[in-house]
Amino acid sequence: MRRSLGYDLSTSERILRRFTRFADRERATHIDTALFLRWHATLDEANGRTRAARLTVVRLFAQWLSSFDLAHEAPPRGLLPNTVMRSRPYIYSDAEVASIIAAAMALPSICGLRGLTCSTLFALIAITGLRVSEALALDGDDLDADNGALRVRQGKNEGATAAARPQRRRATARLSRQTRPVDRSSGEADVHN
């Protein structure tokens with residue numbers, strides 16, 4: 001069912017194949033914590049996320065099997081500590097964002113487009129919350145200036161629409177102007193209209 005909803009289960013499949021091959025070699029008839037720990041001890045050293053993923057996949061499989069046969073035991077959560085901690089994100093203040101955009105606008109360029117491009121990119125990310133890869137994948141057809149919206153076609157939020165808030169109408173108008181074709185022969189963009 002999860003696969004039909006678009007989930008990529010290739011990693012889970014790979015983990016389960018390795019685990020079930022080990023269980024077959026051990027002639028195990030049921031899954032339990034001891035079997036999981038013996039299997040895990042045979043694997044190469046891995047980071048905390050990989051260890052946690054292995055445990056999660058085997059736990060879910062054991063839980064599913066236990067619905068048919070209560071002799072299966074799901075290994076407990078936290079059996080292998082996930083030592084990887086995500087760093088806390090830094091939230092830039094409006095003043096810091098304005099300073100970054102101003103510094104980007106001042107970047108030197110032969111054609112004068114580097115500063116314009118970088119400042120627009122940073123402003124777009126700050127206003128919409130897009131990821132860098134999502135913002136870089138945008139093109140002129142993704143902007144709906146009339147409704148103040150962007151269509152995200154690539155990235156984690158693929159197919160989503162990022163709407164500009166009413167106070168950002170000026171930014172939408174600026175972005176609309178900056179998507180106009182650039183005269184490549186002179187390197188000038190009409191951005192002041």
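The legends below describe close-up views of a predicted model.

Local features are given where pLDDT is at least 70 and side-chain atom pairs where pLDDT is 80 or more, whereas totals for chains, interfaces and linings use all residues. Residues are numbered from 1 along each chain as its sequence is written, and side-chain values use heavy atoms, with hydrogens and water left out.

**View 1. Overall fold of the chain.** The chain has seven helices and three strands, where helices (H or I, at least four residues) and strands (E, at least two) are DSSP runs numbered from the N terminus. Their order along the sequence is α-α-α-α-α-α-β-β-β-α. Of the 193 residues, 27% count as buried; buried means under 20% relative accessible area, exposed over 50%, and partly exposed in between (1.4 Å probe, protein chains only). Contacts are heavy atoms within 4.5 Å. Among contacts between residues at least 6 apart in sequence, 40% join residues at least 24 apart.

**View 2. Packing of helices H4 and H5.** Two packed helices are described by the angle between their axes and the distance between the axes. The axes of H4 (residues 94-105) and H5 (residues 113-128) come within 7 Å and cross at roughly 160°. Axes are lines fitted to C-alpha atoms, for helices over the stretch in contact, and angles run from 0 to 180 degrees between N-to-C directions. The crossing of H4 and H5 is right-handed, meaning that the near helix is turned clockwise from the far one by less than a right angle (left-handed if anticlockwise). On the H4 side the contact includes Val-97, Ile-100 and Ile-101, and on the H5 side Leu-116, Cys-118 and Phe-122 are among the partners. By class, this contact has 10 nonpolar, two polar and no charged residues. Ala, Val, Leu, Ile, Met, Phe, Trp, Tyr, Cys and Pro count as nonpolar, Asp, Glu, Lys and Arg as charged, and the others, Gly among them, as polar.

**View 3. Packing of helices H2 and H3.** H2 (residues 33-42) and H3 (residues 48-66) pack at an angle of about 145°, with their axes 12 Å apart. The crossing of H2 and H3 is right-handed. Phe-36, Trp-39 and His-40 of H2 meet Arg-51, Arg-54, Leu-55 and Val-58 of H3. The contact of H2 with H3 comprises four nonpolar, one polar and two charged residues.

View 4. Arg-17 pairs with Glu-13, the closest N and O atoms being 3.6 Å apart. Both residues lie in H1 (residues 10-25), four residues apart, about one turn of the helix. Arg-17 is partly exposed at 45% relative accessible area, and Glu-13 is partly exposed at 30%.

**View 5. Salt bridge between Arg-38 and Glu-26.** The side chains of Arg-38 and Glu-26 meet at 3.0 Å, N to O. This pair links distant parts of the chain, with Arg-38 in H2 and Glu-26 in the loop between H1 and H2, 12 residues apart. Arg-38 is partly exposed at 40% relative accessibility, as is Glu-26 at 36%.

**View 6. Salt bridge between Glu-134 and Arg-131.** The closest N and O atoms of Glu-134 and Arg-131 are 3.9 Å apart. Glu-134 is buried, with 1% relative accessibility, whereas Arg-131 is partly exposed at 36%.

Note on methods
A salt bridge is a side-chain nitrogen of Lys or Arg within 4 Å of a carboxyl oxygen of Asp or Glu.
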